[in-house]
Amino acid sequence: MKQDMSNHVLLELENLSKSFDLDHGFLDTLKFKKGRIVSEKRSVHAVNNVSLKIHKGEALCVVGESGCGKSTVARLVAGLISPTKGAIHYDGQRIDALKGKDLLPLRKRMQMIFQNPYASLNPRMTIQQALEEPVRHHNPSFSRDDVQDKVANVMRSVGVDPSWAARYPHEFSGGQRQRIAIARALTVDPEFVIADEPISALDVSIQAQVLNLMLEAKEERGLTYLFITHDLSVVQHFGTRVAVLYLGSVCEYADTATLFSNPKHPYTRALLSAVPQLSDDKPNHIRLKGEIPTPINLPKGCPFQSRCSYSNPRCSAELPVAIEQADGSVVACHAVEEGRID
Amino acid sequence: MSMMSDHQSNSLFSRIMDSNITYSFKRNPVAIISMVIFLLIAFAAAFAPLIAPTDPYDPSLYDILDSELPPAWTGQGDEKFLFGTDDQGRDLWSAILYGTRTSLIIGICAVLVQAFLGISIGLISGYLGGRIDNILMRFADIQLSFSTLMVAIIFLAVSQALFGSDTFNKYALFMLVGVIGIAEWPQYARTVRATVLAEKKKEYVDSARVLGFSPVRIMIRHILPNSLSPIFVISTVQVANAIVSEASLSFLGLGMPVSQPSLGSLISSGFDYIFSGSWWITTIPGIVLVVLVLVINLLGDWMRDVLNPKLYKG
């Protein structure tokens, strides 16, 4: 039974791409180049051909450096922006084309926690109002007492005293606010939670608290997480699976244990070697040369080739496809495919 | 339950008293004096029928033989008429009280119309964006390219000619409110749109969207309460502007009729006699108008300083 549950695919991203237009309207597209006026439309390719599966009960962590499209993936899944190409399936139903009222049942099942707890709560609403609003909205049949009970319960479950309900968000600390934001997401009893760097704006001493709270909620409510982060130690603690994103493409996608014990993609190796370790006096970092390329003009071939020490002519000509390895991890790299990396 | 609401109202009052706005108000003598004068004028205007010695709207109460009496303190005047009388023998003090009331009503109602139109259009345009935003903002640009007075003069002159003077005079108040209200909505719409654009990028709006709230609810319950400070500031300035517009239109004979004078029509009616020595008919309502507009503008200035996030960190 348990095996069945964990094999159930809750969320599936299929060749998901999102690009943002830089030039809006016809006049913006006109450029003056080499003495001629040309019409050119530029766009930022934030997410390219991302395919991921999240099983029920999993916590999929998406990692990568700033600007690699992690948050865009989260916003696409939450339906805050719509994909340029590809599809999102939730529990077998395609959700990326849904609009308005059709989305409402989905909103109850899927919630999101945001990065900045100082901005994610409406400053003009008391905690009580902020928590009551979603309960009333999704359960119009609830009586006043039902709503009160629900709010008090949720507040207790995140460790916020229900007697503080009349206060405004600015009267709380960052950690308390993030717990209130989590409470707000939990008021509608979701089964799937998207967390977009929920602890990166918090003090280190508070990070563990909030993380443990999210783990507790996972155990108690059987939540499934899509967890966006750039902190690899958090991934190790929290994730069951990891997807490494570089320039909007998935480089490597594996179980957490597999990824940390046996990273395959050169980028994953570089990332893992950058994690500071107490035991190591003279760390042997893999130093990446250069900068992350601009997502406006994507390089032809592998997105990582410009910084990869294993790159060869094939890498700059041909886009690597994701290939499943013997240990179940999925890697998109020509060098791994050809066995050029030990 | 009542305990809780008690506690809330208590804390609301103390929150107002402890707030930065109250603090800055107490420390600003200009704001205090302006507020006192404004409240005095507003009070006098609101209770004009109780304060005024006669009813200036009732022609049977005044005598043509009392016309153009100078103010009581000049010596030649009559003690019955504190500020003297106008060309029809009407008590100027009563006329000013009633006129201030009319001016304030028109100013405030016109601003309510402006605010309603401007806030709804600004919210829609800022939140929805795209083509709707473009169309609405081009309308605002077109509207702004005509001066308010020009639009009002054309509209009022045409409707005066169309309906005849009698009907026009009957509905002059509503016409003025409507015309001044409609002519100035772009001021609001642009300010509100700008704040909405800044607010809608914040995560609490995303969070409300993920929770599945409707766009109308997000606009009214979430974005609007967070865009109130600039709305307050322009409202004060706009009330002063609307009063001035009303006075100008009445002065030009397109506003309130002489039988139901506003400050503008009082000034206008005295203007014909100013060179024959009857300076008080124009000057005294003029001073009241200037003081009223000045204190409202000073209050608006103070409010802008307090609510401007760049000068003030809260």
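View 1. Two residues are in contact if their C-beta atoms, placed from the backbone, lie within 7 Å. For chain B the mean pLDDT is 84, with 94% of its residues at 70 or more. Residues are numbered from 1 along each chain as its sequence is written, and chains are lettered from A and ligands numbered from 1 in the order in which they are written. Because the model is predicted, local features need pLDDT of at least 70 and side-chain atom pairs count only at pLDDT 80 or more, while totals for chains, interfaces and linings use all residues.

**View 2. Crossing of helices H5 and H8 of chain B.** The axes of H5(B) (residues 92-128) and H8(B) (residues 172-183) come within 8 Å and cross at roughly 40°. Axes are lines fitted to C-alpha atoms, for helices over the stretch in contact, and angles run from 0 to 180 degrees between N-to-C directions. H5(B) is therefore oblique to H8(B) (under 35 degrees is roughly parallel, over 145 roughly antiparallel, 65 to 115 roughly perpendicular, the rest oblique). H5(B) contributes Ile106(B), Cys109(B), Ala110(B), Val113(B), Gln114(B) and Leu117(B) to the contact, and among the residues of H8(B) are Leu173(B), Leu176(B) and Val177(B). The residues of this contact comprise 10 nonpolar, 3 polar and no charged. Ala, Val, Leu, Ile, Met, Phe, Trp, Tyr, Cys and Pro count as nonpolar, Asp, Glu, Lys and Arg as charged, and the others, Gly among them, as polar.

**View 3. Helix H12 of chain B and Gly253(B).** The 24 residues of H12(B) (228-251) reach 34 Å from first C-alpha to last, close to the 34 Å expected at 1.5 Å a residue (1.5 Å times one less than the number of residues). Just after H12(B), Gly253(B) has a positive phi of about 85°.

**View 4. Contact of chain A with chain B.** In this contact, 18 residues of chain A meet 14 residues of chain B. On the chain A side, helix H4 (104-109), strand S8 (110-113) and helix H5 (127-138) each supply at least two residues. That side has 11 nonpolar, 5 polar and 2 charged residues. The predictor gives the complex an ipTM of 0.85 and a pTM of 0.80.

Technical notes. pLDDT is the predictor's confidence in each residue, from 0 to 100. Helices (H or I, at least four residues) and strands (E, at least two) are DSSP runs, numbered from the N terminus.
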